Amino acid sequence: MKAVITVIGHDTVGILAKVSSACAEKGANILDVTQSVMRDMFTMIMLIDIDGLTSDFSELSSSLEKLGEQIGMKVHVMHEDIFNSMHRI
Amino acid sequence: MINTKDILETINMIDNENLDIRTITMGISLLSCAGDDIERSADKVYDKITRSAEKLVVTGEEIERTYGIPIINKRVSVTPIAMLSAASGGDPVKYARAMDRAAKELGVNFIGGYSALVHKGFSSGDRELISSIPEALSETEFVCSSVNVGSTKAGINMDAVAMMGDAVVSAARLTADRNSIGAAKLVVFMNAPEDNPFMAGAFHGPGEPDLVVNVGVSGPGVVRAAVAKCPGANLSTIADVIKKTAFKITRMGQLVGTVASEKLGVPFGIVDLSLAPTPAVGDSVAHILEEMGLETCGVPGTTAALALLNDAVKKGGVMASSHVGGLSGAFIPVSEDAGMIDAARSGVLTIEKLEAMTAVCSVGLDMIIVPGDISPATVSAIIADEAAIGMVNSKTTAVRVIPAIGKNVGDELEFGGLLGSGPVMRVNDAGSSEVFIRRGGRIPAPLQSLKN
């Protein structure tokens with residue numbers, strides 16, 4: 001099973017590093033990352049494998065959301081099925 | 001990988017356009033609780049509801065966290081209580097108290113089904129239940145009540161219509177110290193659907209399975225934002241844009257319903273393709289109509305714009321879901337919709353215009369605050385008019401008006417929460433409808449009922 005992490009906010013140093021290490025801590029394997037910076041708005045989308053999680057999914061999402069608050073970014077962690085359902089027939 | 005644009009679009013819909021699942025409603029059959037001893041029967045009702053829906057709220061919250069989509073309400077609907085009351089006799093309010101205790105225990109915000117289906121006539125238990133509605137609603141916090149007074153097949157039971165005028169006014173009077181909230185939890189239906197997940201009109205119909213999960217989606221804000229991106233587009237384009245948006249919203253409902261059904265081990269019933277507004281800014285059906293080019297909801301053109309919206313929502317949603325049901329369409333509850341509240345306050349939106357709008361949309365005269373001194377016969381006459389629209393057009397219509405006890409046109413009533421607030425609207429009471437209503441009897445089913 002896969003999930004999508006999105007990080008949106010003002011660009012600062014070390015966002016990717018912090019999110020990646022939070023993922024590693026919980027056993028989430030990063031499969032793909034895309035990011036863009038337009039002016040100083042940073043958007044990162046990360047696809048992760050959640051089969052090997054060492055905690056349950058809600059723990060991962062709450063720890064990443066908390067991290068987002070600390071670094072002043074909006075972080076969402078959502079199961080990929082929501083995007084597949086909404087945007088694919 | 002999933003398209004970046006799609007991911008950001010979904011997140012924008014949730015964060016900025018109030019996209020949500022409005023309700024997961026578990027339908028529970030109480031037929032197995034019927035018996036001739038009302039005390040025992042009410043105990044069984046409490047036990048079955050709390051046992052069957054034990055995991056409803058936690059499952060809903062788990063789905064919210066996994067998919068990142070807010071699920072605003074978790075609710076329960078049950079078999080019309082008049083059916084249990086028929087078997088047991090006694091004071092039906094005992095069932096309402098059992099339902100209320102169960103709702104509190106489960107943590108759901110409403111429980112529907114203090115209901116009677118009397119479209120063709122009263123059977124044993126029906127009159128007692130209808131007479132007890134005001135007391136049941138004033139004594140309980142979470143219980144919602146509905147009565148089906150007619151159908152296209154059966155016509156309109158005008159004796160029931162007369163009783164319901166009294167019930168609405170009494171429910172408001174008994175809760176006068178709480179903003180007449182009793183009447184806000186009471187719906188009078190024509191062609192009531194048996195699988196509706198929305199309150200206050202949800203009940204678990206006798207043709208339903210023992211347990212079922214139904215989902216109601218929402219998203220007026222998303223539709224308004226989509227329409228706003230098409231300035232100058234013609235109405236064919238607007239209809240297409242609404243269809244595409246409704247498709248996405250409904251797919252989300254289908255996913256949540258399927259997952260909830262698996263996790264709860266309960267069959268998935270239907271997705272209700274509704275645009276249900278909330279009083280929050282940016283979550284208004286009236287604002288969609290205004291985005292289409294009407295200066296204020298209620299001006300000439302409103303009925304046509306609403307017809308387009310309602311149809312496009314259904315066309316977009318129907319392919320997105322394996323089973324569609326419930327009310328399915330745009331809701332126009334005045335006190336729950338920021339745009340409707342403003343339009344009613346300014347006097348542009350009148351009850352007469354709302355009545356015309358109900359001929360082309362999902363429900364009926366919903367959450368309309370009327371003067372507290374309205375006569376029961378006038379409420380009955382409003383119900384009869386609305387029922388006639390539903391009967392002739394083979395659609396569900398309903399009336400949920402709230403007589404604001406002690407208030408008059410120009411005053412406001414504030415319920416708070418999802419029920420919202422609104423101005424007391426003027427009712428055309430230049431003449432009395434009393435004699436017509438007191439005739440009783442049945443309005444025969446129209447020719448269009450003879451389809452066999």
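**Figure 1. The loop between β6 and β7 of chain B, with B:Ala200.** In this predicted model, B:Ala200 lies in the loop that runs between β6 and β7 (211-217) of chain B. The peptide bond joining B:Met199 and B:Ala200 is cis, with an omega of about 10°.

Figure 2. Although B:Asn18 is not a glycine, its phi is positive, at about 60°.

Figure 3. Four strands of chain A form an open sheet, in which the order is β2-β3-β1-β4 and the pairing is antiparallel. The edges of this sheet are taken by β2 (29-38) and β4 (74-79) of chain A, each of which has a single partner strand, so that one side of each is left without a neighbour in the sheet. On average, and with direction ignored, neighbouring strands of the sheet are turned by 15° against each other. Helix α1 (residues 15-25) of chain A packs on the sheet, where it touches β1 (2-10), β2 and β3 of chain A, and the direction of this helix makes about 20° with that of β3(A).

**Figure 4. The pairing of β2 and β3 in chain A.** The strands β2(A) and β3 (residues 41-49) of chain A run antiparallel and are joined by nine bridges. Within this pair, A:Val33 stands opposite A:Met46, the latter being in β3(A).

**Figure 5. The contact between chain B and chain A.** How many residues does each chain bring to the contact? Chain A contributes 21 residues, and chain B contributes 18 residues. On the side of chain B that touches chain A, at least two residues each are supplied by α1 (4-16), α3 (56-67) and α10 (235-264) of chain B. The residues of that side of chain B comprise eight nonpolar, six polar and four charged. One of these helices, α1(B), lies across β1, β2, β3 and β4 of chain A and runs at about 75° to β1(A).

**Figure 6. The packing of α3 against α10 in chain B.** The helices α3(B) and α10(B) pack with their axes 10 Å apart and at an angle of about 135°, which means that α3(B) is oblique to α10(B). The crossing in which α3(B) passes α10(B) is right-handed. From α3(B), the residues that make the contact are B:Leu56, B:Thr59 and B:Ile63, and from α10(B) they are B:Val256, B:Val259, B:Ala260, B:Lys263 and B:Leu264. By class, the residues of this contact divide into six nonpolar, one polar and one charged.

**Figure 7. The packing of α9 against α10 in chain B.** Helix α9 (residues 220-228) of chain B packs with α10(B) at an angle of about 145°, and the two axes are 9 Å apart. In passing α10(B), α9(B) makes a right-handed crossing. On the side of α9(B), B:Val222, B:Val223, B:Ala226 and B:Val227 take part, and they meet B:Ile238, B:Val241, B:Ile242, B:Thr245 and B:Ile249 in α10(B). The residues of this contact are divided into eight nonpolar, one polar and no charged.

**Figure 8. The packing of α2 against α5 in chain B.** Helix α2 (residues 38-52) and helix α5 (residues 93-106) of chain B pack at an angle of about 25°, with 9 Å between their axes, which makes α2(B) roughly parallel to α5(B). The two helices cross in a right-handed sense. Residues of α2(B) in the contact include B:Ile38, B:Ala42 and B:Tyr46, while those of α5(B) include B:Lys94, B:Tyr95, B:Arg101 and B:Glu105. Sorted by class, the contact has 10 nonpolar, one polar and three charged residues.

**Figure 9. The contact between the two domains of chain B.** Chain B is divided into domain 1 (27-190) and domain 2 (216-441), and the centres of these domains, taken over C-alpha atoms, are separated by 22 Å. In the contact, 34 residues of domain 1 of chain B meet 41 residues of domain 2 of chain B. Among the elements that each supply at least two residues to the domain 1 side are α3, β4 (143-151) and α7 (158-174) of chain B. Which element gives the most to this side? It is α7(B), with 11 residues. The domain 1 side has 22 nonpolar, eight polar and four charged residues.

Note on methods. Residues are numbered from 1 along each chain as its sequence is written. Chains are lettered from A and ligands numbered from 1 in the order in which they are written. This is a predicted model: local features need pLDDT of at least 70, side-chain atom pairs count only at pLDDT 80 or more; totals for chains, interfaces and linings use all residues. Two residues are in contact if their C-beta atoms, placed from the backbone, lie within 7 Å. Ala, Val, Leu, Ile, Met, Phe, Trp, Tyr, Cys and Pro count as nonpolar, Asp, Glu, Lys and Arg as charged, and the others, Gly among them, as polar. Two strands pair if DSSP finds at least two bridges between them. Axes are lines fitted to C-alpha atoms, for helices over the stretch in contact, and angles run from 0 to 180 degrees between N-to-C directions. Angles under 35 degrees count as roughly parallel, over 145 as roughly antiparallel, 65 to 115 as roughly perpendicular and the rest as oblique. A crossing is left-handed if the near helix is turned anticlockwise from the far one by less than a right angle, and right-handed if clockwise. Domain bounds come from an automatic or database domain assignment.
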